[in-house]
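Here is a short report on one protein chain. Look over the sequence and the model first, then read on.

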Amino acid sequence: MTKRRYYTITELTTEFGITTRTLRFYEDEKLLNPERQARKRLYTPRDRTRLKLILRGKRLGFSLAEVREIIEMYDHAPGERGQLEKLQGRITERQAELEQKQKDILETLEELNQVNSSVQQRLNELK
């Protein structure tokens, strides 16, 4: 089985369900670096992997700066181990943020329920 050398912009946008504008934005941000053949962009398997990591990071709520920091660690010391440790730290931080938001939402919902009950009770009294 031969390893694939290049992906076109159409192949990547279709595979990942993104627009060409999104892909070009990541290029402008220097997160992807496709090769060029005339006006055609050719993305390497490395670009495809980076795109996958970018989109995963965005889905998980990481900023583009955080995604960049984690991805770029792979290219420099401390390498993959450092990247994974950094990612694990970011995941732990993100989980804590989301758990706090969840707690805040539950508290707000409870308060809304209490206020709604009070309002309903008062409406019943006014009938």
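Does Ser117 count as buried, partly exposed or exposed? The model is a predicted one. In it, Ser117 has a relative accessibility of 48%. The cut-off for exposed is over 50%, and buried means under 20%. Ser117 therefore counts as partly exposed.

**Overall form**

The protein holds 5 helices and 3 strands. Read from the N terminus, their order is β-α-α-β-β-α-α-α. How does the radius of gyration relate to that of a compact globule? The protein has 23 Å, whereas a compact globule of 127 residues would have a value near 14 Å. Along the principal axes, the C-alpha atoms fill a box of roughly 75 × 35 × 30 Å.

Burial is the next point. Of the 127 residues, 25% are buried. The accessible surface comes to about 9,700 Å². Carbon and sulfur atoms account for 51% of that surface.

Contacts between residues at least 6 apart in sequence were also sorted by separation. Of these, 47% join residues at least 24 apart.

Charge comes next. There are 26 positive and 21 negative side chains. The centres of the two sets lie 8 Å apart.

**The nonpolar core**

In soluble globular proteins, nonpolar side chains tend to be buried together. Here, the largest nonpolar core has 16 residues. Which residues have the most contacts inside it? They are Leu12, Leu23, Tyr26, Leu32, Tyr43, Leu51 and Ile54.

Setting aside residues up to four places away in sequence, Leu51 touches Leu12, Phe16, Ile18, Leu23, Tyr26 and Leu32.

Glu11 is found in helix H1. Its relative accessible area is 32%, so Glu11 is partly exposed. Beyond its neighbours within four places in sequence, Glu11 is in contact with Arg4 and Tyr6. Where does Tyr43 lie relative to Glu11? The two are 32 residues apart in sequence, and their C-alpha atoms are 9.6 Å apart in space.

**Two loop residues with positive phi**

Lys30 and Ala38 both sit in loops. Lys30 is in the loop between H2 and strand E2 (35–37). Ala38 is in the loop between E2 and strand E3 (40–43). Phi of Lys30 is near 65°, a positive value in a residue other than glycine. Ala38 is not a glycine either, yet has a positive phi of about 60°. Lys30 counts as exposed because its relative accessibility is 65%. Ala38 is exposed too, at 78%.

**Helix H5**

Helix H5 covers residues 79–126 and includes Ser117. Lys101 lies in helix H5 as well. Lys101 has a relative accessible area of 47%, so this residue is partly exposed.

For Lys101 and Lys127, 26 residues apart along the chain, the C-alpha separation is 39 Å.

| Pair | Separation along the chain | C-alpha separation |
|---|---|---|
| Lys101 and Lys127 | 26 residues | 39 Å |
| Glu11 and Tyr43 | 32 residues | 9.6 Å |

**In brief**

Ser117, in helix H5, is partly exposed at 48% relative accessibility.

Terms used
Residues are numbered from 1 along each chain as its sequence is written. This is a predicted model: local features need pLDDT of at least 70, side-chain atom pairs count only at pLDDT 80 or more; totals for chains, interfaces and linings use all residues. Side-chain values use heavy atoms; hydrogens and water are left out. Helices (H or I, at least four residues) and strands (E, at least two) are DSSP runs, numbered from the N terminus. The radius of gyration is taken over C-alpha atoms; the globule rule is 2.2 Å times the number of residues to the power 0.38. Buried means under 20% relative accessible area, exposed over 50%, partly exposed in between (1.4 Å probe, protein chains only). Contact means heavy atoms within 4.5 Å. Accessible areas come from the Shrake-Rupley method with a 1.4 Å probe; for residues, only the protein chains shown count as cover. Lys and Arg count as positive and Asp and Glu as negative; His and the chain ends are not counted. The place of a charge is taken as NZ of Lys, CZ of Arg, CG of Asp or CD of Glu. A nonpolar core is a set of buried Ala, Val, Leu, Ile, Met, Phe, Trp, Tyr and Cys residues joined through side-chain atoms within 4.5 Å.
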